[in-house]
Amino acid sequence: MKKEHLSLKHEEKLSQTLSNINVALSEFSFANLYLFREKHNYRLIDDNGDLFLSGVTYDEKTFLMPLCDLSNDENRDYFLKLIKIAGDYDMIYPIPEKWLLKFSPDNFAVSYVDEDSDYLYTIDTFVSYPGRKLHAKRNLVAQFLRDYNAEILPLNDENAHLATEVLNRWQKDSGMKKEETDFFPCLECLQNVEKFNQIGEIFFINGIPQGFVMGERYNKEYCVIHFAKGNNEIKGIYQYMFSVFAGHNKEALCNFVNLEQDLGKEGLRAMKKSYLPIDMLLKYRVFIK
């Protein structure tokens, strides 16, 4: 059994593996795993070609993450190996709901933590902010379009330094230390936009970069917004950026947007709930009895 710190050399091997699993959880994206590798102490385990990932949750529970579609009956041998290796960890995690049938209540206990859960929306939620409850979001977009003439450029390696300017201003305005925000993961993602297959836009007003949004289509149905940073003094900029990002992904036949978890932060939770998610993607924790 080979165990290594998760690194860029694993990108080619893991990206396609994760995409083929076709799970909605944001952890099933190489960029997500790599950018938060230090926070979660990720290690890639290779047991004669069967891949697993070990890590540590925010509440300091060690876990083993399967890198194979457990809902496929052809992967029974992989499942048995997973259970054997998992004995060295606190739990198996993150497990999507559709895999729970594999874990008999006679042998396993299952739970979840709310702040781990991803927020899921239809793509149309952000494209048009439909319905009475999202009326305020539509108004903010209309106000932005009335007050500003934004120029939009696709985000790529050549212009990522302009998005970095936005990130630096955002970090300064936050009043927090860089270690207390997602500054460093976001910066590293901007330094590897094309390598991580990131898609997004930079938004300019009067020639000055004032915001950017960055994410990816991590399987056939789902896209995820990893990072969105903007000038908070510009009303409607976030609602507008989300709408543009969603519109481009709808054109690529993507159906859902994942805004990832809130980490138990009240401000983040309130913001994500305000967009009316259609589902909370629970990340189940499975314990061997």
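The structure is a predicted model, in which local features need pLDDT of at least 70 and side-chain atom pairs count only at pLDDT 80 or more, whereas totals for chains, interfaces and linings use all residues. Residues are numbered from 1 along each chain as its sequence is written, and side-chain values use heavy atoms, with hydrogens and water left out.

- The largest pocket has a volume of about 1000 Å³, a volume being the space filled by probe spheres set on grid points that are joined across faces, edges and corners.
- Lining this largest pocket are 38 residues, and those closest to its centre are Asp182, Lys229, Gln261, Leu268 and Lys272.
- At least two lining residues of the largest pocket come from each of α3 (37-40), β11 (222-230), α9 (237-251) and α10 (266-273), where helices (H or I, at least four residues) and strands (E, at least two) are DSSP runs numbered from the N terminus.
- Strand β11 gives the most to the lining of the largest pocket, namely 5 residues.
- The lining of the largest pocket comprises 16 nonpolar, 9 polar and 13 charged residues, with Ala, Val, Leu, Ile, Met, Phe, Trp, Tyr, Cys and Pro counted as nonpolar, Asp, Glu, Lys and Arg as charged, and the others, Gly among them, as polar.
- The second largest pocket, with a volume of about 280 Å³, is lined by 14 residues, of which Ala24, Pro96, Glu97, Asp279 and Leu281 lie nearest its centre.
- Strand β13 (residues 279-281) supplies the largest share of the lining of the second largest pocket, 3 residues, and by class that lining holds 10 nonpolar, 1 polar and 3 charged residues.

**Cavity**

- Across the whole structure, the search finds 1 cavity of 30 Å³ or more, and the largest cavity has a volume of about 70 Å³.
- The largest cavity is lined by Glu27, His40, Tyr42, Thr57, Tyr58, Phe63, Tyr93, Asp116 and Gln261, a set that divides into 4 nonpolar, 3 polar and 2 charged residues.

**Helix packing**

- Helix α7 (residues 160-174) and helix α8 (residues 183-190) pack with their axes 10 Å apart and at an angle of about 170 degrees, and α7 and α8 are therefore roughly antiparallel to each other (over 145 degrees).
- In the contact between these two helices (heavy atoms within 4.5 Å), α7 contributes Ala160, Ala163, Thr164, Leu167, Asn168 and Gln171, while α8 contributes Phe183, Cys186, Leu187 and Leu190; the residues of this contact are 7 nonpolar, 3 polar and no charged.
- The axes of helix α6 (residues 135-147) and α9 come within 8 Å and cross at roughly 95 degrees, which makes α6 roughly perpendicular to α9 (65 to 115 degrees).
- On the α6 side, Lys137, Leu140, Val141, Phe144 and Leu145 meet Ile237, Gln239 and Tyr240 in α9, so that by class the contact of α6 with α9 has 6 nonpolar, 1 polar and 1 charged residues.

**Aromatic pairs**

- The count comes to 23 aromatic pairs, a pair being two rings of Phe, Tyr or Trp (its six-membered ring) with centres within 6.5 Å.
- The rings of Phe242 and Tyr275 have their centres 5.6 Å apart and their planes at 70 degrees, so this pair is edge-to-face (planes over 60 degrees apart).
- Phe242 in helix α9 and Tyr275 in the loop between α10 and β13 are 33 residues apart, and the pair thus links distant parts of the chain.

**Backbone features**

- Most residues other than glycine have a negative phi, and most peptide bonds are trans.
- The peptide bond that joins Tyr93 and Pro94 is cis, with omega of about -10 degrees, and Pro94 has its place in strand β5 (residues 91-95).
- Glu260, a residue other than glycine, has a positive phi near 60 degrees, and Glu260 lies in the loop between β12 (256-258) and α10.

Note on methods:
On a 1 Å grid over the protein atoms alone, a cavity is a set of points where a 1.4 Å probe fits but cannot get out, and a pocket is an open set with protein on both sides within 12 Å along at least five of seven lines; lining residues have an atom within 4 Å of a point. Axes are lines fitted to C-alpha atoms, for helices over the stretch in contact, and angles run from 0 to 180 degrees between N-to-C directions. Angles under 35 degrees count as roughly parallel, over 145 as roughly antiparallel, 65 to 115 as roughly perpendicular and the rest as oblique. Rings of Phe, Tyr and Trp (its six-membered ring) pair if their centres lie within 6.5 Å; planes under 30 degrees apart count as stacked, over 60 as edge-to-face and the rest as tilted.
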